[in-house]
Amino acid sequence: KAVVSTQSTGGQGQTPPTPFQEALLETLHHSSSIMGRGMYPPQPTIYINNLNDKVKKQELKKSLYAIFSQFGEILEIVAAKNLKARGQAFVVFKDINSASNALRSMQGFPFYEKPMRINYAKKKSDAVSKLDGTYVQKEKKAMTKEKRKATEQGGDAKRNMESMMPMMQGMMQGMMQGMLPPGMQAPSNMPMPPAPRPNPPQQHGSEIPHKILFLTNLPQETTEMMLTMLFEQFPGFKETRLVPGRHDIAFIEFETDPQASQAKQALQNFKITPDNAMNITFANK
């Protein structure tokens with residue numbers, strides 16, 4: 001336990017600590033509390049707890065990817081939904097340097113209104129073991145867990161496919177209507193696609209510096225919370241504004257033009273998901 005004190009020149013007792021000393025004490029206290037819990041040896045997988053257990057599993061994983069992918073390639077994110085494992089997650093990076101940078105930078109970061117507590121995981125993840133060639137197949141009990149996980153994922157994939165079927169049928173109908181010779185009709189048992197809605201007016205950004213940023217190419221699952229957590233790391237952040245009826249665009253406002261420019265430069269082409277590189281321009285003045 002560190003103690004920082006300074007004696008006054010007249011020997012009248014202790015003087016109040018300076019702001020620098022207070023910051024040093026806080027850092028030492030924070031470090032000692034982490035070491036007291038036991039810091040495991042560095043490895044590519046980090047363990048996070050004290051997460052908000054009211055956040056749904058899929059939203060939690062997407063938000064964790066959004067804020068941690070800036071540190072390096074992520075192989076997988078594991079978050080269980082059972083009661084015992086709530087509020088915990090594992091983020092598996094491809095290399096140790098990425099995991100170490102993430103641990104140092106995001107320790108105590110307010111995530112869904114709760115400060116994250118981060119440590120290295122006790123064991124190497126299967127994803128990393130397969131990558132470096134050290135993977136050894138586990139016993140039958142562990143394999144049963146893997147099969148159960150695969151079944152759950154298969155069920156999710158099936159439900160996703162079922163939800164996409166009407167859209168796919170509509171697309172096939174539209175394609176057939178365009179390919180059939182004049183006078184021929186598509187089979188009557190295939191549902192007709194809905195009448196096309198008029199496209200909303202196109203919005204274009206600008207390259208003239210402005211305190212408001214215009215984001216495009218956002219994935220459908222983007223939420224206001226995800227964008228806020230991504231941009232509030234930069235000084236001067238004010239607010240996130242989504243556009244009703246449009247999942248692919250948003251506006252981020254900063255206090256000054258230079259602050260917005262700094263965030264734009266840092267996050268240009270940032271991938272919120274592996275398939276969506278965010279495009280950032282300045283909003284029109």
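Helices (H or I, at least four residues) and strands (E, at least two) in this tour are DSSP runs, numbered from the N terminus. The model is predicted: local features need pLDDT of at least 70, side-chain atom pairs count only at pLDDT 80 or more, and totals for chains, interfaces and linings use all residues. Residues are numbered from 1 along each chain as its sequence is written, and side-chain values use heavy atoms, with hydrogens and water left out.

**Stop 1: helix α2**

Select residues 57–68. This is helix α2, with 12 residues. From first C-alpha to last it reaches 16 Å, close to the 16 Å expected at 1.5 Å a residue. (The expected span is 1.5 Å times one less than the number of residues.) Now colour Leu60, Ser63, Leu64, Tyr65, Ala66, Ile67 and Phe68: these residues of α2 are buried. Buried means under 20% relative accessible area, exposed over 50%, partly exposed in between, with a 1.4 Å probe and protein chains only.

**Stop 2: the largest nonpolar core**

A nonpolar core is a set of buried Ala, Val, Leu, Ile, Met, Phe, Trp, Tyr and Cys residues joined through side-chain atoms within 4.5 Å. The largest one here has 27 residues. Pick out Ile46, Ile48, Phe68, Phe93, Phe111 and Met116, which touch the most other members. Which elements each supply at least two residues of this core? They are β1, α2, β2 (74–78), β3, α3 (96–106) and β6 (117–120). The largest share, 5 residues, comes from α2. A second, separate core of 21 residues includes Leu218, Phe234, Ala260 and Leu267.

**Stop 3: aromatic pairs**

Rings of Phe, Tyr and Trp (its six-membered ring) pair if their centres lie within 6.5 Å; planes under 30 degrees apart count as stacked, over 60 as edge-to-face and the rest as tilted. The count comes to 6 aromatic pairs. Show Tyr47 and Phe90: this pair is tilted, 5.2 Å centre to centre, with 45° between the planes. Tyr47 lies in strand β1 (residues 45–49) and Phe90 in strand β3 (residues 89–93), so the pair ties together parts that are 43 residues apart in sequence. Tyr47 is partly exposed, at 22% relative accessible area. Phe90 is partly exposed too, at 32%. Next select Phe231, Phe237 and Phe254, which form one aromatic cluster.

**Stop 4: Met229 and helix α6**

Select residues 224–231 for helix α6, where Met229 is found. Is Met229 buried or exposed? Met229 is buried, with a relative accessible area of 1%. Met229 touches Ser63, Ile67, Phe109, Phe111 and Tyr112, not counting residues up to four places away in sequence. Contact means heavy atoms within 4.5 Å. Met229 and Leu64 are 165 residues apart in sequence, yet 9.8 Å apart in space, C-alpha to C-alpha. In α6, 6 of the 8 residues are buried, so the helix is largely enclosed by the rest of the structure.

**Stop 5: the open sheet**

Show the 4 strands in the order β8-β9-β7-β12; they form an open sheet with antiparallel pairing. Two strands pair if DSSP finds at least two bridges between them. The edge strands are β8 (237–243) and β12 (279–282), each pairing on one side only. Between β8 and strand β9 (residues 246–254) there are 6 bridges. Glu239 stands opposite Glu253 in β9. Helix α6 packs on the sheet, touching β7 (212–216), β8, β9 and β12, and its direction makes about 150° with that of β8. Axes are lines fitted to C-alpha atoms, for helices over the stretch in contact, and angles run from 0 to 180 degrees between N-to-C directions. End at helix α7 (residues 257–267), which also packs on the sheet and touches β7, β9 and β12.
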